[in-house]
Amino acid sequence: MDEDQYRSVYREVNANRCVFEKALNNRRCDCSRHERFLLATREAVGCLSEASLANCTVFLETLREKSRFALRETLIDGPLPHNKELKVQAGGTLALQQHLFPEQTAAKTTQDIYELVNIALSKYANIADFPYGELIKGVVHYESRPKRGK
């Protein structure tokens with residue numbers, strides 16, 4: 001299966017593609033609204049709830065935009081390169097979890113993105129009001145893999 005054909009079939013099969021797919025596939029985050037499936041030996045993630053997907057999409061797009069300076073990007077008009085996107089997705093959700101639940105500061109994974117966004121919405125009432133200053137720190141300090149010693 002060539003890449004163009006894969007993308008075409010992927011869009012047909014996965015109408016509600018999870019925007020946090022990279023972080024979920026990296027096993028740094030989890031979500032109660034996700035659905036995993038295999039397509040051409042690749043693991044894909046869909047969202048079971050359109051309302052949840054809409055909230056997550058707004059959250060991720062806002063997080064990307066607010067992270068622009070920290071990631072040394074002048075313009076972000078879509079997904080970032082893989083490692084930077086993973087920093088935004090996993091680092092941002094971990095920072096939000098640590099902000100909402102300070103007792104989980106040592107956690108290396110996010111338990112449920114859906115619940116996290118809903119709890120933050122109940123506290124801040126609007127996604128634009130989330131504490132992005134603190135979340136950006138999580139994006140900057142996130143390491144997808146520990147650095148190897150020499």
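This is a predicted model: local features need pLDDT of at least 70, side-chain atom pairs count only at pLDDT 80 or more; totals for chains, interfaces and linings use all residues.
**Exercise 1. At what angle do the axes of helix α3 and α4 cross, and within what distance do they come?**

Residues are numbered from 1 along each chain as its sequence is written, and side-chain values use heavy atoms, with hydrogens and water left out.

*Step 1.* Find the helix: α3 covers residues 50–67. Helices here are DSSP runs (H or I, at least four residues), strands likewise (E, at least two), numbered from the N terminus.

*Step 2.* Take the axes, which are lines fitted to C-alpha atoms, for helices over the stretch in contact, with angles from 0 to 180 degrees between N-to-C directions. The α3 and α4 axes come within 10 Å and cross at roughly 105°.

*Step 3.* Classify: under 35 degrees is roughly parallel, over 145 roughly antiparallel, 65 to 115 roughly perpendicular, and the rest oblique. So α3 and α4 are roughly perpendicular to each other.

*Step 4.* List the contacts (heavy atoms within 4.5 Å). From α3, Phe59, Leu60, Leu63, Arg64 and Ser67 meet Glu85, Val88, Gln89, Gly92, Thr93 and Leu96 of α4.

**Exercise 2. Describe how α4 packs on α5.**

*Step 1.* α4 (residues 82–100) and α5 (residues 113–124) have axes 10 Å apart, at an angle of about 50°. That pair is therefore oblique.

*Step 2.* Now the partners: Thr93, Leu96, Gln97, His99 and Leu100 in α4 touch Ile113, Leu116, Ile119, Ala120, Lys123 and Tyr124 in α5.

**Exercise 3. Work out the pairing of β1 and β2.**

*Step 1.* Strands pair if DSSP finds at least two bridges between them. β1 (residues 34–39) and β2 (residues 42–47) have 6, in the antiparallel sense.

*Step 2.* Look at the turn. The hairpin has 2 residues between the strands, and Ala40 takes a positive phi near 55°.

**Exercise 4. Which residue forms a salt bridge with Glu43?**

*Step 1.* Apply the rule: a side-chain nitrogen of Lys or Arg within 4 Å of a carboxyl oxygen of Asp or Glu. The count comes to 5 salt bridges.

*Step 2.* Glu43 pairs with Arg27, with the closest N and O atoms 3.5 Å apart.
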